[in-house]
Structure formats: structure tokens, C-alpha cells
Amino acid sequence: MAKEICICLHGHFYQPPRENPWIEEIEQQDSAAPFHDWNERIHYECYLPNSRARALDAKGKIVEIVNNFERTSFNFGPTLLSWLEAKHPDTYRSILQADRASCEAHRGHGNAIAQVYNHMIMPLANLRDKKTQVRWGIEDFRSRFGRVPESIWLPETACNEETLEVLVAERIKYIILSPHQARAIRPLEGGEWQDVMGGRIDPKEPYRYFLKNNPSLSIDIFFYDGPVSKAVGFDNLLFDAKLFMDRLRGAVVEHERSQIIHIATDGETYGHHKAYGDRVLAYLTYMEIPRNGYRIVNYAEYLEENPPRQEVRLIEGENNEGTSWSCAHGVNRWKDHCGCRGDGPANWTQHWRKPLRWALDWLRDELSQVYEREGAKYLKDVWAARDDYIHVVLKRSPETLREFFERQALRELSKEEITTSLKLLEMQRHLMLMYTSCGWFFSEISGIETVQILQYASRAVHLAREVSSINLERDFLEHLALAKSNIESIKDGQGVYEKYVKPAQATLHHVVSYYAIGSIFENFYAPDPKTDLVKIFNFDLHVQHQRKEFFGTVTMNFGRVRIVSQTTLEEQDLVFVVIQIGFYDFRCSVKAYANEEGFDKLEKELFEALYQLPILDLSKKIDAHFGETYYALKDLRLGDRAKIISILTHETIAKVSNFYEHIYEENLRMNEIYRSINVPIPVEFRYAAEHTLSKRMLEAVRDWGERGFPAKRTLSIYRIMDSAKALDVHIRKEPIAHYLSEELSKGLKEFITGLDPEVLQKLLSIVRLAKKIEVFLDRREAQDELFSVFRSWKGSPQAIPNVIREQEVHLHQLMDELDLSTEKLRKILAG
């Protein structure tokens, strides 16, 4: 093959699993504001824009909208893909489509590679976990991408000999490592070893690694270009595609062989860590690299064309634990105080890492005994069953479960035995999730990443107690107490557990209490119209009976619910009663259902007490039947708490709002006097003015929208803006931006469907008003819709509707307002 310069850019796209392990949903994370959680924030900043990346011209206009995943090598964490599939299916489908397109472009080799399942540091895992992590990663990839992966991403590129043995056994062809992990190279034919430590290995070709215990087996390795990769992550290469191209060009060396210039970075660099990095990547791969005559490849394609000429030895690391790309001390960052750290004060230490790992290793080994002993009652081979369980994790359906137990069960299991088996397997899943690498990566044991892995550990402890009556929580907390926090008030790992892990725990009784309190309010938990089930997190609730009555300031909600876990199929028949006293005082009790006669008698007795007894005596009667344990508003999940408080305070907030409007109107003349003599408006008046004008502005914009966005009916909006400027107060524009952005997206879809010129004028009115009142519009969806239509017309001028030609001028105006280059449309219309 002729000498070629090939380019391969790899992005490692990953977020740790963040779901609360009891309810299998991500709860609100305030540190990710204004987004619900970090996954949502990073999706908005990175995953979505990379699936629809904008390539800009010199004027800042969009010349193309492309899928960056079609031109780059990438891996996604399986748990992240699972979240994307559920929450953002369009982005998820774009990622899968990009891999299919890359297979066609690269002779059957796709851009996507697999990842070890939940980002466990492989050298620190035991052999069983190593095997399961790789097998789960491979099966997850196969089920999503429809092909067997040729490579797998090792978390933090951490590897050692045993890890490589597992990869070879699972038929992984190649991996990607840091140049600092290579020790020596020599030609495949033999000869002297050449020292390449310190990152001195030539990254422009692949190498072959032969297993020590079986030299007849091998795996190929690409060592990414360290300096260029570092510059992408930490310098300014993502400010300018030409600068990026210059750096890639500078890595080329003149010789007679083909060479691959390749980098590997966190995928989140492109848009999250580096704002608009997705756009630079798009312009680089679709414009700059082809313009320079270089060829974009993926690793598997290049490896097929250019097999290794040399073999490599790796640095073995301390205790043969190997090395990684993000710790200069091998893999110590995930087990000890090595000096590698994240944020936090300079005097913070990470001595907590070692006892934390000891605690989790102890828990894993103790619960593995429980798993083997209890699982042997139901499963042919408990560890083979764990490997196979990934099929259930990927698709929790009756058919999948039936097929799984047909393969793995010793015999036909009862309903209760299936639930026990699923609890054992879930215990094992959480025992692996608790090793997610982020738990050790940062500076403080009370960080959200470490809290998350401790939640997984706690869930495993609880499942073990349910299936075996063995409770290891106290012993586990004693181990955690050795992991000292840098924060005095938290003290240690036990303090973290008590403060942050226990409040996340949720039993079936908890979930029924969520329903009991929430269902006091109309349509708070609406049943599925097809199944009549109420779905709360990963639970199905069959409401058998419910009765709600009011007396004075007390509301009583009484009922019976059969609750079923979608994960373990555990079910309970439960009775609840909740009383709401006044506005904010809720008291909910839950107990097991006994029989119909007792249930009917209880209902009659409690509602008689509602009308006859004082509140204190009513509460005592409930306690007599249900016990003294009860759930209050504070025991709900944060999202539900916020919704209920919003409902309860709606009228009060409306009264406060009207009060502020009254203050504004009453003191408008006084405010004008203050401004006329250049004296600042008092803060009390200023807040009333900001609130009132913001409210009226949003109302005026919505009223304008309800009238069809007429271009000549914006005077009232401009008058409010003028009032705000005259008083030098700030109008809250976020709600206005959200409303106009939604109307823009909705209107563009309407125009594309109906090709109504009046709708086109409406769209122009929206974008022009937004510019005039300085409101930022999220125009991405509108831009995507227009480009999608242009692509459908490309090469088929006869398919272009006449109205488009007739409205060409106005369409150009809209495109200009949306920062779209009009050149593409001109070329399409010209045929």
C-alpha cells in the first residue's frame, strides 16, 4: 500500500453510574444546576452537540451540521448508553447510526469500541470481576451496535498482565494505552530490546504484546500521541480547528511507511470541558483534515492494513498492578494517598482511599460467600449465572427472565425463588458498581462520586440481609470509620454513610408512602391509561382501593396498594393511611395487608375517628394500628418534595406577587423621581420593579404568541423593556427564552410540514424579537430541522416545493437569523 498519513481521533465518553440504587433513577444534583443532574448537563453540552455538530465558516455561519461520531473513534460507557437510551433516544440513535455509517466507510470496521462495564480499575479487581466486567462490556456493546467489538476501553487505561490475559481470552484484538505505559520494544523477528520508558515510544504504529504465561497468544496495542492528546485536553487546540490541524501536521515524520497520527482524550473535552469543542472537531474532521490530504481512519481499519512490526513490553508497576494514564504512580490513585488528586484545599489528603478499598474488598469477599451459599440452592453455576445476567440487565422483560432461568436455574423455580435469585444477582451487580473508579479519583471521601459507590455498597448489604438474614452493615461501618475525611464535621467514612447514604435508602414501604402522600393532590401520580398501573421509579403500583376525605383542616388518604419491583419482582400487598394537617404537616403510615375483613374494619374505624376525634387522638389511633414509624414530607425524594411544596405555596406566592405589583404601581412616580435626580432606587422598590416587569414581560410575550406572533403587535413588549431600562432594573429572561425557543422549534416543524408562508413570517418575528430584547434562543433544533430538509432536496431539484422558491428571500432571512450559511440553499435551488 502507498505511503499514507492517517488520522484517528479517539474520544472516551463516560460518566459514572449515578442512579440511586434503590429506585434506579438519578436524583436531583444541585451542583449541576441549572440542569437536573450531571448527566443532563453533560448531554446538553457534549453528547447532543457532538451528534449534531456545527461546522462554521469564517463569518461564523453554519455551513454543515454533522455527526462527529461518524469521523472519530469512540467508546461510550455501557451505563451511560443505558441512560441515553432511556432519556435521550434521539442522541442514542445518532451514536448507533454513526457506527453503522463508519462500518460502511471503513471496510466493515466501526468507529465504536466497547468499554469495561462500569469503569472498574481492572488491575485492582479480582479475577472473577475482571472476567465479568469484560464479558458484560462486550455483550452490552453487541446488543447495542449489532456486532462483536474489536477492542475495549480499559478504564483510565489501567492494565496489568492478568487484565491482558482476560482480554485475549475474550478475543479482544487491540487496546489503546498511554505512551508512558510502554517499557521496551523490539522487532517481531527478535533482537535487542530498546528502552522507551518516559513516553518515548513512537505512537505512529501499532505494537504486539505477547502474554508472559502463553507467548503463543498476543494482543495488539496502540499508544496514543501523548503531547498532542495533552494539548487537546489542557491547552488551547480546541479554540481553532486550524491550530489543531497544525499540531497534528507537526506530529508527522517523513519516512517511507504509512503512519497513524492518533490521540485519545476524554470525550467530554469536546463541548463540556472545552465549550464549543464539538464545533472545532467538526470543522477539523470534515474540512481541515481532508483539505490537507490526510485520511481519516479508525484503529481496526488501520491495523488490518498495517499489522505490527514490533513487539512491546509494558511497565509492570508496583506489585505487578500495572499502570494507567491518569496516575504517575501506577494505579495508586485508586487505593492510596499518592499525591494525585482533584479539587479541594491544598492541605487535604487522600489517606482515606486505602481503608475505603479495604472496606469494599472485605464486603465483596463476605458477600461472595453469601452469594455462593444461597445461590447454589437455585442456580447451576452462580458465577456463570452472573456473567449471563447482563442479558437481564439490558432488557428486563418476562421473556428475557424466562430464557435466563431456563439456562441457569437448577430446576423450575417458584415465584419467591425467582425473586430471591434476582436479589442475589442484583447484590452482585451492586458489588461491582461500588468499584466504579470515580469513587477514588477526587480529593474528599464525602464527594458525590464516593457517596455514590457507598450507596451501591449499602444496597448490596441490604439485599444480602433480605436473602440470608445476615446483616453486615455494622461491621462495614466499622471498616469505613478508618477512612478519615478532610472535613471535621463529617469525620470519616461512617459519617459519610450516615449523612449521605442512609437518606437515599428506600424500601417498598417508602415507595408506597411516596404514592400515599403524592396522591392527595389531583393527578400527582396519574395511572397508565393502558395498564391502570401507577409507575413510581422502578416500581409498579396496583391501586386496589383508595378513599380520600376532608374534615376541617385535616385530609385523610387511605388505601391498599400491591407494589411490584421491576428489578427483583418482589411484591407486597400494603395498606397506607396519610393525614395532612393544615398545609405542610403530613403523617403517613404503611403496613402489610392482612385480610379483607380486617381492612374494611380498619377503614371504617379510621374515618369515624377523622370526624370524631381530636388530631392528637387520631394520630394515636393510627399508631395503634400501624406502629409508631411514619413518613413525613421530608422523607419523600427531593423532586417530589419540590413539586408538593410548589403546589402548597402556589396561592401564597400568587398573593406575594400581587403585593409586589401593588408596591410597584403605588411607587412608580417615586421611582421615576429617584432616576431623574440620578439617585439609585431603594432595593425594596427595585425588587418590586424587577418582579413586576419580569412577570408582565413574560405575559406580554405569551399574549403575543397566542395572537400568532404578528410583527406589528410588539409595542407593549418594547414598552416594558423601556420601563426596565429607565428604572435600570434587570428583567428575568430565562422563562421568555424557554418559551420562544419552544415556539421556534414547533413553528419550524409546522412550516416544513405545511409550507405555509405565514408560518415563515411568524418564525422571522420570533427570532427578530428575541434579538431586539436580547433573549438567547436555543436554535439547535430549528437548525437541525432546516438542514435535514436541505439534505432531502440535495441532488433532486425537482423535489423542491414551489413555495420554497417563491419564499427564497424570506427563507434566506430566516437562515441568516439562525446563523445558517445561505450558500447551501442557493446551490440546491440552482440545481
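Colleague: Which residue is the bridge partner of Tyr174 in β11?

Modeller: This is a predicted model. In general, strands of a sheet pair through backbone hydrogen bonds, either parallel or antiparallel. Here, Tyr174 has Asp220 as its bridge partner in β11, and Ile176 stands opposite Phe222 in that strand. Strand β7 and strand β11 (residues 218–223) run parallel and are joined by 4 bridges.

Colleague: What is the order of the strands in the open sheet of 6 strands?

Modeller: The order is β7-β11-β10-β14-β8-β9, and the pairing is mixed. At the edges are β7 (174–177) and β9 (194–195), each of which pairs on one side only.

Colleague: Are the residues on the two faces of β7 buried or exposed?

Modeller: The general idea is that in a regular strand the side chains alternate between the two faces of the sheet. In β7, Tyr174 and Ile176 lie on one side, Ile175 and Leu177 on the other, and all of them are buried. Both faces of this strand are therefore covered, where buried means under 20% relative accessible area. Helix α5 (residues 161–169) lies across β7, β10 (207–210), β11 and β14 (310–314), and runs at about 115° to β11.

Colleague: How is the open sheet of 5 strands paired, and in what order do its strands come?

Modeller: Its pairing is antiparallel, and its order is β15-β16-β17-β18-β19. Because β15 (534–536) and β19 stand at the edges with a single partner strand each, one side of each is left without a neighbour in the sheet. On average, neighbouring strands of this sheet are turned by 30° against each other, direction ignored. Between β17 and β18, which run antiparallel, there are 11 bridges; in β18, Val577 is the bridge partner of Phe558. Helix α20 lies across β16 (539–551), β17, β18 and β19, at about 155° to β17.

Colleague: Which residues of α21 are buried?

Modeller: Helix α21 (residues 615–626) has 12 residues and reaches 16 Å from its first C-alpha to its last, close to the 16 Å expected at 1.5 Å a residue. Its buried residues are Leu618, Ser619, Ile622, Asp623 and Phe626. They cover an arc of only 140° around the axis, so they are on the same side of α21. On the other side, Leu616, Lys620 and Ala624 are exposed.

Colleague: What covers the buried residues of α21, and what follows the helix?

Modeller: The cover includes β17 (554–565), β18 (571–581), β19 (585–592) and α20 (596–612). After α21 comes Gly627, whose phi is positive, near 95°.

Colleague: Finally, how many residues has the largest nonpolar core, and which have the most contacts inside it?

Modeller: The largest nonpolar core has 98 residues, and Leu363 and Phe476 have the most contacts inside it. Helix α16 (residues 448–468) provides the largest share of this core, 10 residues. Leaving aside neighbours within four places in sequence, Phe476 is in contact with Ala359, Leu360, Trp362, Leu363, Leu454, Ala457 and Tyr497. A second, separate core has 55 residues, among them Ile663, Val701, Met721 and Ile736.

Key:
Residues numbered from 1 in each chain as written. Predicted model: local features only at pLDDT ≥ 70, side-chain atom pairs only at ≥ 80, totals over all residues. Heavy atoms only, no water. Pairing = 2+ DSSP bridges. Contact = heavy atoms within 4.5 Å. Axes fitted to C-alpha atoms, helices over the stretch in contact; angles between N-to-C directions. Expected span 1.5 Å × (residues − 1). Buried < 20%, exposed > 50% of the residue type's maximum accessible area, 1.4 Å probe, protein only. Arc of directions from axis to C-beta. Core = buried A, V, L, I, M, F, W, Y, C linked by side-chain atoms within 4.5 Å.
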